[in-house]
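Trainee: I would like to go through this model feature by feature. Please give the general idea each time, and then the case at hand.

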Amino acid sequence: MLDQLKELIVNYVEVDADSITEDSRFIEDLGFNSYDFMSLLGELEQEFDITVDEQEVINLHTVGEAVKYIESLKN
């Protein structure tokens, strides 16, 4: 799951996938802006066949939190 998410992240920001960890913060460490983050969420919905709750995702700050959230929706 983490590797799949990394592959999607590098489509939005200029970072090396190998430098992304579960502790990487979307805005502070990876350089996401709100538009990029919302676009990523849309792609996550398609890629993983899930529906994200916009009220819940505003609390996702790290890649690890996003992985856990996606996994919870898939189960």
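Mentor: Start with exposure: a residue is buried under 20% relative accessible area, exposed over 50%, and partly exposed in between, using a 1.4 Å probe and protein chains only. By that rule Glu14 is exposed, with a relative accessible area of 84%. Glu14 is found in the loop between α1 and α2. This is a predicted model, in which local features need pLDDT of at least 70 and side-chain atom pairs count only at pLDDT 80 or more, while totals for chains, interfaces and linings use all residues. Residues are numbered from 1 along each chain as its sequence is written, and side-chain values use heavy atoms, with hydrogens and water left out.

Trainee: Which residues of α4 are buried?

Mentor: A general point comes first: an α-helix has 3.6 residues a turn, so residues three or four places apart point the same way. In α4 the buried residues are Val63, Gly64, Ala66, Val67, Tyr69 and Ile70. They pack against α1 (2-9), α2 (34-48) and α3 (54-57), where contact means heavy atoms within 4.5 Å.

Trainee: Which residues does Val63 contact, leaving aside its neighbours within four places in sequence?

Mentor: With those neighbours set aside, Val63 touches Leu2, Leu5, Ile9, Ile20, Thr21, Glu22, Ser24, Phe26 and Leu30. Val63 is buried, at a relative accessible area of 0%. From the C-alpha of Val63 to that of Leu44, 19 residues away along the chain, the separation is 13 Å.

Trainee: Is Thr62 buried or exposed?

Mentor: Thr62 is buried, with a relative accessible area of 16%. Its place is the loop between α3 and α4. Beyond its neighbours within four places in sequence, Thr62 is in contact with Glu22, Asp23, Ser24, Arg25 and Phe26.

Trainee: How is the packing of two helices described, and at what angle do α1 and α4 cross?

Mentor: Axes are lines fitted to C-alpha atoms, for helices over the stretch in contact, and angles run from 0 to 180 degrees between N-to-C directions. Angles under 35 degrees count as roughly parallel, over 145 as roughly antiparallel, 65 to 115 as roughly perpendicular, and the rest as oblique. The axes of α1 and α4 cross at roughly 120 degrees and come within 10 Å. That makes α1 oblique to α4.

Trainee: Which residues meet there?

Mentor: Leu2, Leu5 and Ile9 of α1 meet Val63, Ala66 and Val67 of α4. For residue classes, Ala, Val, Leu, Ile, Met, Phe, Trp, Tyr, Cys and Pro count as nonpolar, Asp, Glu, Lys and Arg as charged, and the others, Gly among them, as polar. The contact of α1 with α4 divides into 6 nonpolar, no polar and no charged residues.

Trainee: At what angle do α1 and α2 pack?

Mentor: The angle is about 135 degrees, and the axes are 11 Å apart. α1 and α2 are therefore oblique to each other. Gln4, Leu5, Leu8 and Ile9 of α1 make the contact with Leu40, Glu43, Leu44, Glu47 and Phe48 of α2. By class, this contact has 6 nonpolar, 1 polar and 2 charged residues.

Methods. Helices (H or I, at least four residues) and strands (E, at least two) are DSSP runs, numbered from the N terminus.
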